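Here is a short briefing on one protein–ligand model.

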Amino acid sequence: MNLIVANESHFKYAQDICDTIAESAKIRGTGIAKRTPEYIQKKLSNGNAILALDGEKFAGFCYIEVWGHEKFVANSGLIVHPDYRGQGLAKKIKAKVFELSRKKFPDAKIFGITTGLAVMKINYELGYKPVTFSELTDDPEFWKGCQTCKNFDILTRTEQKMCLCTGMLYDPAHNKKPEEGKQMNGKAFTRLKSIKESLFLKKK
Ligand SMILES: CC(C)(COP(=O)(O)OP(=O)(O)OC[C@H]1O[C@@H](n2cnc3c(N)ncnc32)[C@H](O)[C@@H]1OP(=O)(O)O)[C@@H](O)C(=O)NCCC(=O)NCCS
C-alpha cells in the first residue's frame, strides 16, 4: 500500500473517490457534505491531499482545507474503500494528512466535524479534543459546506451552535497527546449522539 501526496496525475481517481463517499453515506444513513469530481480534482492538484493506492487501485483518501486565512485547517473527506476497511488504513491516512498539515501550516489549529466513532477515536489519538462549534472556524465558507448535508436544517435551527456532528480540535499551542494506552470513551460519544438524534431529528 502506497500513501502519497496526490497531484494532477491522479485526476482519474476523482470519480471513484466521489462515488465511494456517496455510497458509504447512503449505507450509513448519516449526513455528509457532497463533493463533485471537479472539487476532488482541485484537492488532488494543490498538494494538500493524501491518496492511498494499492498498486493502481484506489484504497483511501483525505485532504486538507484551509480556513480563516490559515488560522484553521480541516482534515476532511476521509474515505477508505470498503475492500480495505478494518486494517488500520484510515489511521495511517489520517496520521499522514495530520503530518502534512503540521508541516505546511505549523501555526494553524487543525479541526474536523464528524458523526463517526472511528474518526473520533483516530483524532483523539492524534491529540484532538472535543470542542463546541464556537471554538472552530467562523469562516462562512466552511459552514456552507454543510448545506449539502441532509441534517443542515438542524445546524440552521440551532444557529450553528450544534448539530449531530461533534467538533474536534488540535491546538498546536496546547499540543498534548493522550497518555500511552489512554483511550477515548466511545460509549459516551455513542450515547451523546443518540441523545442529539432524539432531540433534533424530526419524527417520521
Ligand atoms: C470510517 C472509515 C474511514 C474507517 O476506516 P478503516 O480503515 O476501516 O479504519 P481503521 O481500520 O484505521 O480503524 C481506526 C479505528 O476506528 C475503529 N473503527 C473502524 N471502523 C469503525 C466503525 N464503523 N465504528 C466504530 N469504530 C470503528 C477501529 O476499530 C479502530 O480503532 P482501534 O484503534 O481502537 O482498534 C471507513 O469505514 C470509511 O471510509 N467509512 C465511510 C466514510 C466515513 O465514515 N468517513 C468519515 C466521515 S467524517
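A salt bridge here is a side-chain nitrogen of Lys or Arg within 4 Å of a carboxyl oxygen of Asp or Glu. Asp153 and Arg157 meet that criterion, with an N to O distance of 2.7 Å between their side chains. The model is predicted. It holds six salt bridges.

**Salt bridges**

- Side chains of opposite charge can pair when their charged atoms come close.
- Asp153 and Arg157 sit four residues apart in helix 6 (residues 152-157), so about one helical turn separates them.
- Asp153 is partly exposed, at 32% relative accessible area. Arg157 is also partly exposed, at 43%.
- Lys144 and Glu141 form another of the salt bridges, at 2.9 Å from N to O.
- Lys144 and Glu141 are three residues apart in helix 5 (residues 140-144), so they too are separated by about one helical turn.
- Lys144 has a relative accessible area of 43% and is partly exposed. Glu141 counts as partly exposed, with 43% relative accessibility.
- Lys161 and Glu159 pair through their side chains at 3.5 Å, N to O.
- Lys161 is exposed, at 55% relative accessible area. Glu159 is exposed as well, at 60%.

**Ligand shell**

- Which residues come nearest to the ligand? Of the 18 around it, they are Val80, Gly86, Gly88, Ala90 and Lys91.
- Gly86 places a polar backbone atom 2.7 Å from an oxygen atom of the ligand.
- Gly88 has a backbone N or O atom 2.8 Å from a ligand oxygen atom.
- Lys91 uses its side chain: an N or O atom there is 2.5 Å from an oxygen atom of the ligand.
- Taken alone, the ligand exposes 920 Å². The protein buries 71% of that area.
- Four named elements each give two or more residues to the shell: helix 1 (14-28), strand 4 (72-80), helix 3 (89-104) and helix 4 (117-126).
- Helix 4 supplies the largest share, five residues.
- By class, the shell around the ligand contains nine nonpolar, five polar and four charged residues.

**Helix 4**

- Which residues of helix 4 are buried? They are Val119, Met120, Ile122, Asn123, Tyr124 and Leu126.
- The cover over these buried residues includes strand 4 and helix 3. Strand 5 (109-114), strand 7 (166-170) and helix 7 (186-200) are also part of that cover.

**Lys43**

- Lys43 is found in helix 2 (residues 37-45).
- Is Lys43 buried or exposed? Lys43 counts as buried, because its relative accessibility is 12% and the cut-off for buried is under 20%.
- Leaving aside residues up to four places away in sequence, Lys43 touches Asn48, Ala49, Phe61, Tyr63 and Glu65.

Conventions: Residues numbered from 1 in each chain as written. Predicted model: local features only at pLDDT ≥ 70, side-chain atom pairs only at ≥ 80, totals over all residues. Heavy atoms only, no water. Buried < 20%, exposed > 50% of the residue type's maximum accessible area, 1.4 Å probe, protein only. Near = heavy atom within 4 Å. Polar contact = N/O pair within 3.5 Å; in protein donor to acceptor, adjacent residues only side chain to side chain. Areas by Shrake-Rupley, 256 points an atom, 1.4 Å probe, with all protein chains shown as cover. Nonpolar A, V, L, I, M, F, W, Y, C, P; charged D, E, K, R; others polar. Contact = heavy atoms within 4.5 Å.
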